[in-house]
Amino acid sequence: RPSPRGGDKPAGAQGGEWGKAAAAAEKLQATGSPLLSFLIGSIIGAVVMYRAHFWCLAIPCFAVLLLIADILAAFARKPPAPANNAPAATTTPAAPAPTP
């Protein structure tokens, strides 16, 4: 007898409603850890922002500014090396000027 929801398997057969529930439970378990981590992190962030206001952003902003300054200083000290596929600079003597 066909399933009331369509298809050729009865509702109690493997892959039916119980199979779908088991697959949904596996998906929930797979996404549960990242979801829980995000939830905990957002709660901690909200509490820190409530208690520390602007100052909770000071350390990350300072770290980003230090990274930018370090990258700029590295470029100022030494220019990047040429790529391996760049044509080599050749110094050929100039041809003598023709004499009249």
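The bend at a residue is the angle between axes fitted to the seven residues ending there and the seven starting there. By that definition, helix 1 has a kink of about 40° at G32, shortly before the proline P34. This is a predicted model, in which local features need pLDDT of at least 70, side-chain atom pairs count only at pLDDT 80 or more, and totals for chains, interfaces and linings use all residues. Residues are numbered from 1 along each chain as its sequence is written, and side-chain values use heavy atoms, without hydrogens and water.

**Fold**
- The protein chain has 2 helices and 0 strands; these are DSSP runs numbered from the N terminus, with H or I over at least four residues for helices and E over at least two for strands.
- H53, which follows helix 1, has a positive phi near 55°.

**Burial**
- Of the 100 residues in the protein chain, 2% are buried (under 20% relative accessible area, with exposed over 50% and partly exposed in between; 1.4 Å probe, protein chains only).
- V47 lies in helix 1, which covers residues 17–52.
- V47 counts as partly exposed because its relative accessible area is 47%.
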